[in-house]
Amino acid sequence: MKLQYNRPASTWTEALPLGNGRIGAMQFGGVEREKIGLNEDTLWSGKPGEVNREGAKEVLPRVRELVREGRYQEADLACKEMMGSFTQSYLPFGDLLLSFGHGNIAHEYRRSLDLENAISRVEYRIGEVNYSRELFVSHPDQVMVLQLEASVPGALEVHARLDSPLRHKVAAEGSRFVMRGIAPEHVSPNYYDVDHPIVYRDEASTEAMRFEGWLHAETEGGTLHIDGGGIHIAGATRAILYFSAATSFNGHDKLPGSEGKDAGAAAAAALEGALDKSYAAVLNDHIQDHRALFDRVKLSLGKSLAPDTMSTEERITAYGASDPALIELLFHYGRYLLIASSRPGTLPANLQGIWNAETRAPWSSNWTLNINAQMNYWPAETANLAECHQPLLDFIGKLALTGKETAEIHYGTRGWVAHHNTDIWGHTAPAGGRGVGDANWALWPMGGVWLAQHLWEHFSFGSDVEYLRNTAYPVMKSAAQFCLDFMEEDSEGRLVTCPSTSPEHKFRTEGQLAAVSMASTMDLSLIWDLFTNCIEAARIMGGDESFLLELETAKEKLPPLQIGAHGQLQEWFKDFDDEDVHHRHVSHLFGVYPGRQITKRDTPELFEAAQRSLERRGDGGTGWSLGWKVGFWARFYDGNRSYQLLSNLTRLVKEESTQYDHGGIYANLFDAHPPFQIDGNFAVTAGIAEMLLQSHQTFLELLPALPDVWSEGYVTGLRARGGFEVAVRWQDGQLAEAEITSLLGGRCAIGNAASLDITLDGERVLGERSEDHVLAFATEAGRTYKVRPVQVIQP
């Protein structure tokens with residue numbers, strides 16, 4: 001299972017990504033000149049500082065009064081007085097640059113990325129000499145390793161050095177080539193045009209991040225020399241380069257300059273640890289570590305249509321979604337990228353995962369909390385990578401700390417709040433450049449509410465009550481306390497949010513556009529979800545009765561979701577017209593996916609209205625929006641429409657494309673907004689999983705949205721809420737057999753089970769069937785139950 005190409009990468013979105021959650025690499029595969037882009041997940045601009053807007057809560061009553069009076073544009077402008085600073089930016093570490101002595105004319109060139117083993121390879125022939133490169137980034141040993149080989153003894157000549165777009169120095173130190181640098185104290189967002197977008201202080205006094213990269217080489221044969229220009233190898237048959245990297249980051253509340261870690265000591269320790277082992281041992285440990293996660297899920301949707309030697313780029317253009325094996329590859333690529341960008345102990349995957357080449361990356365390559373950061377983790381539980389969810393869960397806990405101060409300063413409430421952007425320093429204020437931004441994206445205090453869903457989801461799949469009690473529930477409760485204090489009663493005694501926006505979208509009123517109103521559908525759906533999760537958590541744990549009663553009372557006072565004149569689910573509290581009916585955000589359908597408020601079974605009218613809203617949005621959009629719609633249509637049980645979205649997503653986009661709302665995928669399968677955003681890769685993986693298995697209601701649904709074109713196939717290793725692992729096989733578009741492994745014991749329920757039988761070790765399992773064909777049965781931990789259609793005997 002691999003991505004493959006017959007030429008080197010000419011642009012960044014043709015390069016191949018590798019990572020261990022902390023160190024990221026992008027290999028271009030040039031013949032004479034190789035470039036490997038480098039990242040380290042804690043290398044950010046800035047330092048801890050004041051990002052909140054003093055006096056914001058004094059502006060709040062005026063904003064609310066303007067909304068009540070219907071003066072929405074004035075409310076938009078007043079909200080500028082509540083905006084804090086912009087976030088800081090995720091930065092490139094630099095590049096490993098290699099120059100080979102054999103020139104640039106090569107034959108039989110191949111470049112590939114092996115997803116199963118997380119290894120990138122470059123192979124080519126010059127004359128009678130075959131050259132190969134093998135690159136991986138080890139999580140067990142925390143180093144990047146590059147092996148270079150020539151088939152003829154003594155044919156390898158290579159010169160290697162480190163470089164960076166940040167301020168840095170390089171030096172030869174014994175057998176190491178070392179790069180040391182400092183990050184800027186401030187980087188303005190790429191969309192903010194200012195005279196001095198990147199601000200440094202001098203090296204001696206800066207409190208910004210410090211970073212170090214260490215490079216070491218070992219050779220078989222030939223000579224090796226190190227100087228200030230790099231590492232020089234000549235007449236060798238084989239060479240292995242080891243690279244380690246570290247920064248002075250010491251926590252979101254510590255100055256990385258005066259209070260930071262020793263980056264050099266950390267980089268040196270990782271390098272020395274790897275060098276204590278053989279190359280074969282480092283490689284083997286890397287493969288075993290990666291496959292322990294990657295191999296958990298298998299997927300087969302049909303035979304590949306593409307020839308074995310066809311490049312991935314050509315395959316996208318020639319076949320797109322019609323090649324079932326390309327969809328399998330795209331599904332597993334999302335899982336691969338999550339393993340590579342998010343491991344326990346690292347930061348969560350940001351807007352570009354951990355891969356970034358620009359000092360002013362699109363949208364600062366930060367965490368965007370109005371969907372994108374959450375979308376990154378939609379496949380974590382369903383696609384059996386719960387460990388990779390941990391960095392986000394830990395990060396949420398840190399945001400809950402900084403968000404308490406923001407909640408008090410901006411709204412005068414208890415609890416914690418986050419808005420639409422955050423960074424490594426735990427930014428939780430409205431990130432609008434102290435009034436430069438627009439309220440339609442900056443003034444959205446629901447970021448923490450949405451993030452809290454991930455804490456609950458992790459519990460829903462794993463059922464760890466101690467985790468719920470000690471980690472998840474306190475943060476969820478604090479987010480709910482913010483909502484309780486932030487909401488106010490309207491004239492009918494209902495609890496509403498104000499100011500309220502539907503992320504990045506505006507409505508039309510009296511011939512003008514506005515963003516700020518009250519009680520947007522997304523706000524209400526998010527709060528419903530949080531209150532529901534907190535109520536269920538409190539009942540599971542026992543205790544906290546007074547808060548449970550407070551939540552139940554408040555939940556009953558939430559306004560009902562409304563259906564508009566077009567039969568659609570309203571996006572705002574009034575049936576305003578959209579600024580853009582095809583807008584990329586579909587925020588008001590959160591209750592369908594990834595939420596659970598709107599279902600065909602429990603809320604059929606709202607379900608139908610939500611479907612109408614999605615039809616009006618259309619099947620176009622940015623790459624991540626297309627990925628979201630795959631999941632939406634799966635929840636609407638329309639596999640053919642999900643497949644159409646997959647078709648739209650598997651369009652080849654060139655890096656130079658500026659068609660902002662015309663998404664697809666790049667040659668390296670990265671999601672194209674465009675520009676690159678990794679969230680779409682994760683959305684499509686999660687969406688495909690939703691097509692094959694759903695468990696957001698009180699029961700499992702097998703093959704809920706199977707498209708006609710996937711007539712035969714199987715999937716193994718998907719996870720369902722309640723502690724189940726599921727394998728499904730189908731033929732002629734129908735369920736053939738499923739296996740449900742109960743990891744924890746307890747009750748299992750299956751929907752649409754009127755003609756299903758359950759067996760354990762060949763014996764039929766008796767259960768309870770409801771009138772709406774849900775079959776529930778008791779399970780034992782560690783046992784696997786088989787599900788088959790009942791065989792109808794024809795007379």
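Which residue in strand 26 does Arg508 stand opposite? Keep that in mind for a second, and remember as we go that this is a predicted model.

Okay, the answer: Arg508 stands opposite Asp577 in strand 26. Zooming out, we've got an open sheet of three strands, ordered 25-24-26, and the pairing is antiparallel. Strand 25, at 512-514, and strand 26, at 577-578, sit at the edges with a single partner strand each, so each has one side left without a neighbour in the sheet. Then there's helix 2, residues 72-79, which packs on the sheet and touches strand 24 and strand 25. The direction of helix 2 makes about 45° with that of strand 25.

Next up, a pair of helices. Helix 11 covers residues 447-462 and helix 12 covers residues 465-486; their axes come within 9 Å and cross at roughly 160°. That makes the two helices roughly antiparallel, and the crossing is left-handed. So who meets whom? On the helix 11 side you'll find, among others, Leu455, Trp456 and Phe459, and helix 12 brings residues including Leu468, Val475 and Met476. The contact residues split into 13 nonpolar, two polar and no charged.

Last stop: Glu313, in helix 5, residues 312-318. Buried or exposed, at 12% relative accessibility? Glu313 counts as buried, because 12% is under the 20% cut-off. Leaving aside residues up to four places away in sequence, Glu313 touches Tyr5, Arg7, Glu14, Leu652, Lys654 and Ala667.

Technical notes. Residues are numbered from 1 along each chain as its sequence is written. This is a predicted model: local features need pLDDT of at least 70, side-chain atom pairs count only at pLDDT 80 or more; totals for chains, interfaces and linings use all residues. Side-chain values use heavy atoms; hydrogens and water are left out. Two strands pair if DSSP finds at least two bridges between them. Helices (H or I, at least four residues) and strands (E, at least two) are DSSP runs, numbered from the N terminus. Contact means heavy atoms within 4.5 Å. Axes are lines fitted to C-alpha atoms, for helices over the stretch in contact, and angles run from 0 to 180 degrees between N-to-C directions. Buried means under 20% relative accessible area, exposed over 50%, partly exposed in between (1.4 Å probe, protein chains only). Angles under 35 degrees count as roughly parallel, over 145 as roughly antiparallel, 65 to 115 as roughly perpendicular and the rest as oblique. A crossing is left-handed if the near helix is turned anticlockwise from the far one by less than a right angle, and right-handed if clockwise. Ala, Val, Leu, Ile, Met, Phe, Trp, Tyr, Cys and Pro count as nonpolar, Asp, Glu, Lys and Arg as charged, and the others, Gly among them, as polar.
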